[in-house]
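Subject: Structure for you to look at

Hello,

Here is the structure I said I would pass on. Please open it alongside this message, and read the notes below with it on screen.

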Amino acid sequence: MPISLGDLATRFGCELIGDPETVIGGVASLQTANYESLTFLSSPSYKSLLPSTKAAAVVLRAEDAKECQVAALISDNPYAMYARMAGLVCPEPVFEPGIHAAAVVASSASVADSAHIAAGVVIGERSTIGEGSYVGPGTVIGPDCTVGDQCRLIANVTIVKRVKIGARGIFHPGAVIGSDGFGNAMTPDGWVKVPQLGGVIVGDDVEIGANTTIDCGAIEDTVIESGVRIDNLCHIGHNVRIGEHTAIAGLSGIAGSTTIGKRCMFAGQTAAVGHIQVCDDVIVMGKSFLSKNVTVAGVYGASFPAVNAKSWAKQLARFRRLGSLIDRVKNLER
Amino acid sequence: MPISLGDLATRFGCELIGDPETVIGGVASLQTANYESLTFLSSPSYKSLLPSTKAAAVVLRAEDAKECQVAALISDNPYAMYARMAGLVCPEPVFEPGIHAAAVVASSASVADSAHIAAGVVIGERSTIGEGSYVGPGTVIGPDCTVGDQCRLIANVTIVKRVKIGARGIFHPGAVIGSDGFGNAMTPDGWVKVPQLGGVIVGDDVEIGANTTIDCGAIEDTVIESGVRIDNLCHIGHNVRIGEHTAIAGLSGIAGSTTIGKRCMFAGQTAAVGHIQVCDDVIVMGKSFLSKNVTVAGVYGASFPAVNAKSWAKQLARFRRLGSLIDRVKNLER
Amino acid sequence: MPISLGDLATRFGCELIGDPETVIGGVASLQTANYESLTFLSSPSYKSLLPSTKAAAVVLRAEDAKECQVAALISDNPYAMYARMAGLVCPEPVFEPGIHAAAVVASSASVADSAHIAAGVVIGERSTIGEGSYVGPGTVIGPDCTVGDQCRLIANVTIVKRVKIGARGIFHPGAVIGSDGFGNAMTPDGWVKVPQLGGVIVGDDVEIGANTTIDCGAIEDTVIESGVRIDNLCHIGHNVRIGEHTAIAGLSGIAGSTTIGKRCMFAGQTAAVGHIQVCDDVIVMGKSFLSKNVTVAGVYGASFPAVNAKSWAKQLARFRRLGSLIDRVKNLER
């Protein structure tokens with residue numbers, strides 16, 4: 001949607017340095033921007049690209065404006081400001097309301113008139129789809145589910161059963177919400193399945209990545225609070241609670257019955273074991289895992305970045321001989 | 001399904017302390033239970049909730065009965081006993097037998113009369129679906145597959161090709177069984193794909209988690225023995241064999257041609273490298289991986305729980321200076 | 001497809017030791033091969049099976065031929081040679097060109113006459129499917145995508161939007177290409193979604209595993225170069241570039257904006273952090289992760305293979321006391 005710099009500045013409350021009549025037609029990186037592109041400078045590592053950008057305008061911090069040869073939109077948080085402006089300049093594609101002839105909606109289900117139900121969608125008994133929501137091709141919504149207003153289920157999503165989703169949720173392809181938790185009781189004859197009878201409660205403004213899975217609770221519900229962001233290929237176990245605005249990066253897992261606080265950040269391939277409590281504002285470094293309750297906000301981790309394999313073989317050998325080194329020090333101390 | 005405590009006790013061979021006429025209408029946790037709820041006490045960490053529960057009855061060990069103010073069902077294994085009773089009180093939803101008009105079944109495929117084939121299902125040539133099995137919406141079953149009796153493929157499952165599944169299997173959404181193994185031969189011109197021509201054999205009473213993948217064998221079959229439980233987002237490579245009643249938790253991977261014994265347990269984010277043999281009754285701790293044959297039952301692991309990041313930075317620096325520490329000790333010894 | 005040993009030898013430029021009239025009807029392992037099987041010997045660990053194989057012929061190195069009691073096809077790279085021959089003997093199943101009645105193709109999409117569009121497929125606006133390509137059941141192709149010639153999308157694949165795929169690509173079930181990257185900007189009110197406006201460019205001869213996800217770029221494109229092989233359940237972040245013929249094994253993740261060189265190999269459960277450059281011919285050992293630029297080809301890693309849990313507990317305790325050990329050595333040095 002073309003929009004003038006003046007309109008952008010007014011709408012988002014930014015100071016504009018430059019011609020308010022310039023029209024923005026798209027977004028681009030500093031390097032690839034052209035006369036109608038909006039771009040941004042947030043990380044100092046891209047600052048060297050600023051003087052030569054051919055963008056129409058750059059969203060940046062006040063202190064970077066003097067090196068900007070084109071129009072500047074000033075913001076304390078240029079990345080977030082760019083994100084909001086880009087959402088306006090390049091909006092999500094519009095869709096026609098209605099239920100595609102090749103969708104199958106149960107007779108007791110209810111779909112808002114302004115929602116779009118794509119080809120190949122199957123919606124189960126007693127489920128409801130809210131106003132302005134988009135349910136993309138191949139998505140399956142089981143029985144007793146609620147999808148709130150303005151949600152987008154992109155394609156091939158599975159909302160299994162007893163899942164309640166708030167407003168403006170985004171669910172990427174292959175995401176599975178409400179699958180059975182991993183509940184098994186050992187007996188001399190092998191495992192007995194523990195029925196998984198709870199649901200999943202998802203707040204507002206939640207985004208769930210491609211092929212991520214969130215299990216239903218065993219008895220009570222699994223809860224994903226509002227504003228949570230979960231990346232691709234993550235696993236959220238049964239009866240987990242994820243606090244507001246927590247973000248979890250790819251290939252991470254939160255084991256059953258664990259509670260994660262608000263505004264936590266889990267890097268990629270991290271984990272939390274089951275049945276622990278993690279307080280607000282905890283950051284977990286990549287490849288690390290939390291093994292017990294965390295009661296103090298802060299950064300936690302324990303991982304070994306890769307080094308040359310020969311060097312690692314030596315380090316590993318030294319590590320394994322630590323016991324004998326300790327004995328040698330003991331001997332020396334005697 | 002409402003059932004009296006007397007009936008429950010008789011059917012499962014439990015001692016009942018309390019009124020056999022009390023009717024159970026559902027299950028709940030100790031805390032949320034009401035006058036018609038069945039609940040259980042297994043882990044000592046929940047024992048403090050026992051005296052105040054408002055449940056109709058609690059499944060528990062004999063030694064916990066005296067602190068129980070409501071009816072008690074006595075079991076040596078209360079979690080497994082609860083699981084069985086809950087399966088009776090809250091049975092899986094019933095379904096209508098038949099093939100939905102929006103399913104596509106190949107002419108040479110065969111579907112038992114008592115099976116349910118949901119909307120959006122596609123079944124390939126020469127595949128068969130057993131008695132009482134449920135094939136949920138969006139599921140694709142390729143050619144030459146067998147789904148045994150009383151199986152449940154929840155939704156959007158893919159059974160790719162040459163897969164033989166026993167009775168009572170449960171396959172959660174997004175599970176992929178029989179995808180090509182990762183077989184590539186390097187040449188000066190790049191990778192050549194090694195045709196993956198085997199199948200997958202799945203025993204009885206197997207449960208496979210959401211978005212888990214099990215590759216077909218390269219020449220012979222990949223084998224998942226009876227009673228195996230695999231959680232979400234696990235990867236089982238080609239020609240792997242998983243022994244009876246082994247359980248594998250989320251985000252774990254078993255690399256190609258490895259054999260895992262019976263009753264093993266892999267915690268989350270674990271792995272076994274390819275081409276190894278792991279004996280029965282091996283437990284792998286979270287985040288750890290097996291790098292060679294395991295011939296002795298027991299618990300194995302090697303992982304570092306996260307600590308405060310500053311503390312970790314120091315520990316990592318000390319680890320990297322181990323070589324110089326060893327030299328210093330050598331010097332002292334001279 | 002039955003073929004004589006003479007024909008095989010001629011077609012692939014192999015020396016044949018044995019009767020050129022012998023007809024090959026299938027492939028098998030050394031152990032299970034019968035009178036019409038082609039098999040191969042590549043790894044020395046299987047050499048003991050060679051003398052007793054009942055195969056029609058074995059593809060092997062010249063130096064192994066003397067121990068072979070049956071016909072031999074000589075190759076310097078028997079695994080790759082077997083792979084090529086197996087592709088001829090056991091070709092992919094043929095399919096009928098055409099669009100199934102239960103597929104939904106947008107009016108502005110274009111499907112080559114020789115392509116097969118299976119039941120349950122949905123193809124979006126302005127997308128094109130090339131000659132001889134197979135789009136399997138349940139696959140969703142969103143708007144503005146190109147699938148090249150001779151591709152195979154097995155089943156339930158999702159090609160989300162703005163994805164351009166070259167020739168001969170193979171996409172296994174559950175793969176998601178072009179999902180939104182994990183772009184979020186923090187504000188005092190929580191996360192703001194950064195619109196993900198780029199696409200994905202996939203070269204020729206790329207194979208993508210089951211349930212693997214490749215995100216679209218934020219502004220510019222994510223790029224998977226020709227000949228790349230990615231296993232199951234891997235995550236490729238936005239704006240990543242993977243160089244030609246690189247192979248990535250299961251459950252691995254490449255974080256956003258990282259560039260991986262050509263012919264790299266990532267073992268299972270590995271990772272690279274975001275915004276780094278990795279040169280050609282880098283091998284990453286299992287469970288390890290790259291934390292910074294890699295400028296020298298070679299093998300990199302840092303992982304601890306599992307050991308007996310009691311032994312690990314001791315090793316971990318010693319590791320944690322390294323600081324005090326260093327102090328004790330300092331004391332001794334004084």
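In chain C, C:Ile201 stands opposite C:Val223, which lies in β27(C). These residues belong to two strands, β24 (residues 200-202) and β27 (residues 222-224) of chain C, which pair in the parallel sense over 3 bridges. Please keep in mind that this is a predicted model.

The two strands are part of an open sheet of 9 strands in chain C, with parallel pairing, in the order β10-β13-β16-β19-β24-β27-β30-β33-β36. Which are the edge strands? They are β10 (110-111) and β36 (277-278) of chain C, and each of them pairs on one side only. As a general point, the side chains of a regular strand alternate between the two faces of the sheet.

Chain C also has an antiparallel pair: strand β22 (residues 184-187) and strand β23 (residues 190-193) are joined over 4 bridges. They form a hairpin, with 2 residues between β22(C) and β23(C). Within this pair, C:Ala185 has C:Val192 of β23(C) as its bridge partner.

Next, the contact between chains B and C. Each chain puts residues into the contact: 55 residues come from chain B and 55 residues from chain C. On the chain B side, the elements that each supply at least two residues include the strands β21 (176-179), β22 (184-187) and β23 (190-193), as well as the helices α3 (309-320) and α4 (322-333). How many residues of each class are on the side of chain B that touches chain C? There are 30 nonpolar, 19 polar and 6 charged residues.

How are the copies related? Chain A can be laid on chain B by a turn of 120° and a shift of 0.0 Å along the axis, with an RMSD of 0.1 Å. The two copies are therefore related as by a three-fold rotation axis. Chain B is superposed on chain C by a rotation of 120° with 0.0 Å of shift along its axis, at an RMSD of 0.0 Å. Of the contact residues of chain B, 16% recur in chain C, and the copies use different surfaces. For chain A, only 17% of the interface residues are also interface residues in chain B, so the copies meet through different surfaces.

The largest nonpolar core holds 325 residues, and A:Val58, B:Val58 and C:Val58 touch the most other members. Leaving aside neighbours within four places in sequence, the contacts of B:Val58 include B:Phe40, B:Leu41, B:Leu50, B:Cys68 and B:Val70.

Is A:Gly274 buried, exposed or partly exposed? A:Gly274 counts as partly exposed because it has 19 C-beta neighbours inside 10 Å, and a buried residue would need 20 or more. Not counting residues up to four places away in sequence, A:Gly274 touches A:Gly237, A:Ala255, A:Gly256, A:Ser257 and A:Thr258. From C-alpha to C-alpha, A:Gly274 and A:Gln196 are 17 Å apart in space, and they are 78 residues apart in sequence.

Regards

Notes. Residues numbered from 1 in each chain as written. Chains lettered and ligands numbered in written order. Predicted model: local features only at pLDDT ≥ 70, side-chain atom pairs only at ≥ 80, totals over all residues. Buried ≥ 20, exposed ≤ 12 C-beta atoms within 10 Å, placed from the backbone. Contact = placed C-beta atoms within 7 Å. Nonpolar A, V, L, I, M, F, W, Y, C, P; charged D, E, K, R; others polar. Least-squares fit on C-alpha atoms with pLDDT ≥ 70 in both. Core = buried A, V, L, I, M, F, W, Y, C linked by C-beta atoms within 7 Å. Pairing = 2+ DSSP bridges.
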